[in-house]
Amino acid sequence: PSISSDGRFVAFDSGASKLVANDTNRSTDVFVHEFEVDTTVPKVASVVPAEGATGVFRDINLKATFSERVYNVKDNFKLYPEGSSTPVDAMVKPVEGTNYSKWVLNPDGPLKARTTYIAKVKTGVKDKVGHSLDQYPDQAGNQPMQWSFKTER
């Protein structure tokens, strides 16, 4: 068989009789497959609460909306009190009906009063073809997304 490709199409010929059901004509068949190459890396498009927000309710659920469908978010979307390396206990899950492009982080309990929190979406988040999150693709390497907010009294 011969195979050729131009980056969008793959074509090959074959005389094998088992590639097509009921192929009994003993002729060489030509197969063509068109595909799209995904070169776009995922980014965080918007967040709740907003960067720098103050007076945020202590029972807030954080939201991150991505530029495309993403995976591995549960282990890579975290919330930390400022100055701490221990994340807040929380459940992370996709928002139903958003095709895995919007995710929510729901803390297990109310956040501390008058406290600054740092939310992080790490580069372990990936799209369907394995591209890692790169919030700032013009910078070298893959960049995480990070933002902060301060809770109410």
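**View 1. Strand β3 around V30.** Strands are DSSP runs of E that hold at least two residues, and they are numbered from the N terminus. The model shown here and in the views that follow is predicted. V30 has its place in strand β3, which comprises residues 29-34, and because its relative accessibility is 62%, above the 50% cut-off, V30 counts as exposed. Leaving aside residues up to four places away in sequence, V30 touches F12 and D13. The C-alpha atom of V30 is also separated by 7.1 Å from that of A11, although these two residues are 19 residues apart along the chain.

**View 2. Aromatic pairs, with Y100 and W103 as one of them.** Rings of Phe, Tyr and Trp count as a pair if their centres lie within 6.5 Å, with planes under 30 degrees apart called stacked, over 60 edge-to-face and the rest tilted. By this rule there are four aromatic pairs in the model. For Y100 and W103 the ring centres are 6.0 Å apart and the planes meet at 50°, so this pair is tilted. Y100 is partly exposed, at 35% relative accessibility, whereas W103 is buried, with a relative accessible area of 4%. The pair formed by Y117 and F149 is stacked, with 5.9 Å from centre to centre and 20° between the planes. Y117 and F149 are both buried.

**View 3. An aromatic cluster, and a lysine over a tyrosine ring.** Y71, Y100 and W103 together form one aromatic cluster. A separate contact with a ring involves K120, which lies over the face of Y80 at 5.0 Å from the ring centre.

**View 4. The open sheet of β4, β6, β9 and β8.** Four strands form this open sheet, in which the order is β4-β6-β9-β8 and the pairing is antiparallel. The edges are taken by β4 (44-48) and β8 (90-94), and since each of them has a single partner strand, one side of each is left without a neighbour in the sheet. On average, and with direction ignored, neighbouring strands of this sheet are turned by 15° against each other. The pairing of β8 with strand β9 (residues 102-107) is antiparallel and extends over five bridges, and here M91 stands opposite N106 in β9.

**View 5. The nonpolar core around L62.** The largest nonpolar core holds 23 residues, of which L62, F66, F77, V121, W147 and F149 touch the most other members. Two or more residues of this core are given by each of the elements β4, β6 (62-66), β7 (77-81), β9, β10 and β11. When residues up to four places away in sequence are not counted, the contacts of L62 are V48, P49, F77, L79, W103, V104, L105, A119, W147 and F149. In β6, four of the five residues are buried, so this strand is largely enclosed by the rest of the structure.

**View 6. The cis peptide bond at P49.** V48 and P49 are joined by a cis peptide bond, for which omega is about -5°. P49 itself lies in the loop between β4 and β5 (53-56), and both V48 and P49 are among the residues that L62 touches.

View 7. N99 lies in the loop between β8 and β9, and its phi is positive, at about 55°, although N99 is not a glycine. The relative accessible area of N99 is 47%, so N99 counts as partly exposed. Y100 has its place in the loop between β8 and β9 as well, and the phi of Y100, near 65°, is again a positive value in a residue other than glycine. Y100 is also the residue whose ring forms the tilted pair with W103.

Terms used:
Residues numbered from 1 in each chain as written. Predicted model: local features only at pLDDT ≥ 70, side-chain atom pairs only at ≥ 80, totals over all residues. Heavy atoms only, no water. Buried < 20%, exposed > 50% of the residue type's maximum accessible area, 1.4 Å probe, protein only. Lys NZ or Arg CZ within 6 Å of the ring centre and 35° of its normal. Pairing = 2+ DSSP bridges. Axes fitted to C-alpha atoms, helices over the stretch in contact; angles between N-to-C directions. Core = buried A, V, L, I, M, F, W, Y, C linked by side-chain atoms within 4.5 Å. Contact = heavy atoms within 4.5 Å.
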